[in-house]
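Please consult the sequence and structure while reading.

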Amino acid sequence: MEYILTGKDMKALDRYTIENIGIPSLVLMENAARSAVHYITDKKLFRKILIVCGTGNNGADGLCIYRILKIQGFSCDCIVVGDEQKATEEFCIQKKILENLSFELSKECDFERYDMIVDALFGVGLSRAVTGIFAETINKMNTANAYIYAVDIPSGISSDTGNVCGCAVKADRTVTFGYRKTGIVRYPGKNYCGHVLVCDIGYSNQVCKALGFERKYCTDKDLENIPKRDSNGNKGTFGKILIIAGSEKYSGAAILSCKAAYRTGAGMVKLVTHKENKTVFGRAVPEALSLFYENESAEEFQKELQNSIQWADVIAVGPGLSQSKKAKELLEFVLNYYNGKRVILDADALNLLSQNGSLKEKLSQTMILTPHLMEMARLTGRDLSEVKKYPEETARDFANRYHCNIVLKDAVTISTDGKEFFYNLSGNSGMATAGSGDVLTGILAAAAVWKLPVEQVMTLGVYIHGKTGDLTAQKYGEYGMTANDMINKLSFIGTKRMV
């Protein structure tokens, strides 16, 4: 997994790298500038380039970029915005180098003369609203008919939250240094970044680990952690999944979860659902086992359910289950008899938890809850607006209080075990469609069999879900894709075509 850093993290990493590792600040800056220039000039399509600099270290990066471009013979100008009396030491050094080379800086220019603008106005340290001449400059950049590269992060975006600090540069590309920033991966900041390029400039993952950075994200390389299929295995070897889903009126969610579990590699899937689903389920998922119930409790059914729980390696509860008295009985039965096995709780299982506070006390560290924002609000009793504003804090507080794991579903899903945060960067808007969450439940249930740590189960499961959505969108488009379409693309797991 790769790290995601906040502005505070970046300052700590810079300080440690300079003071303890011994790499001078100017060396890091030179590496950053040369990496940016590499991408800025990769296609050589731009005739006239403008670099817009503030007077902080992000502006110093911009001055360095300007120098390298000038030396390489590109037609470019550089404008400095802000009070140079308050400039950082690095900015002053970079400016002195330009003076020694007789490279001039500008105070004003016509932004319409340029077909590329490099935004080096503000970096990750921005903590106030952008106003005055800075806001005017950002507006000029956004309205110019030019391709915009942002240096490290688009100016005006909070590196910690992704919030817009009054106004922000709308970049076509963002060249970020060392690691992605939280403000780059969270909305609305993500919408301002364009295509993001991460440049290695000399930082170390070992230092990030030593400093205890909490945020990571999954990449295609992490798919290599999926265990290889044992050629000497059997259907029991590859996992027995018990899915308690569907109800008298709803069968589709249960079918999607069962199909997804099979497509993700489960050897056996057993569905517990209402007897009304018997015919449709038998036709839709003929490979699966089943246990059907009626509305009234029956001693024989409870005995069979307990045997099914003992049989299973992983249990999933919730999709299409309803919030009936019977659904509550089923959830409570699982929470009483799961015996430390991994349990996925989704959809109506979460709504039942919200309505019955005593059931929350039965949660444990082997359980993964998959709420969307509204379900998280119900679980915590917080306003939806608060959950949207503080998703990390909300998920972590709940995970720690109830000793469980949370997959907080949103445009950018955040998972947590109460200690670390795992962001998901795969997926697309086409996945905002009915049944998509039911597919994720099946994927997570199958992934939980792999005997990987629970944080890997969450991050890999969510990443595969998003990756499958991306593959589906390639075929059907984001407007036309459905959850059922996604299931067919799950067959790519474990193949080179998946990545």
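Predicted model: local features only at pLDDT ≥ 70, side-chain atom pairs only at ≥ 80, totals over all residues.

Q: Which class of ring geometry do phenylalanine 333 and tyrosine 337 show?
A: Rings of Phe, Tyr and Trp (its six-membered ring) pair if their centres lie within 6.5 Å; planes under 30 degrees apart count as stacked, over 60 as edge-to-face and the rest as tilted. Tyrosine 337 is partly exposed at a relative accessible area of 39%. The two ring centres of phenylalanine 333 and tyrosine 337 are 4.6 Å apart with 40 degrees between the planes, and the pair is tilted.

Q: What separates phenylalanine 333 and tyrosine 337 along helix 11?
A: Helices (H or I, at least four residues) and strands (E, at least two) are DSSP runs, numbered from the N terminus. Phenylalanine 333 and tyrosine 337 are 4 residues apart in helix 11, and their separation is therefore about one helical turn.

Q: How are helix 11 and helix 12 oriented to each other?
A: Axes are lines fitted to C-alpha atoms, for helices over the stretch in contact, and angles run from 0 to 180 degrees between N-to-C directions. Angles under 35 degrees count as roughly parallel, over 145 as roughly antiparallel, 65 to 115 as roughly perpendicular and the rest as oblique. Helix 11 (residues 325-337) and helix 12 (residues 348-355) pack at about 90 degrees, with axes 10 Å apart. The two helices are therefore roughly perpendicular.

Q: Which residues of helix 12 make the contact with helix 11?
A: Contact means heavy atoms within 4.5 Å. Helix 11 contributes Ala327, Lys328, Leu331 and Leu335, and the partners from helix 12 are Ala349, Leu352 and Leu353.

Q: Over which ring does the charged end of arginine 229 sit?
A: A charge sits over a ring if NZ of Lys or CZ of Arg is within 6 Å of the ring centre and within 35 degrees of the ring normal. The charged end of arginine 229 lies 3.7 Å from the ring centre of phenylalanine 238.

Technical notes: Residues numbered from 1 in each chain as written. Heavy atoms only, no water. Buried < 20%, exposed > 50% of the residue type's maximum accessible area, 1.4 Å probe, protein only.
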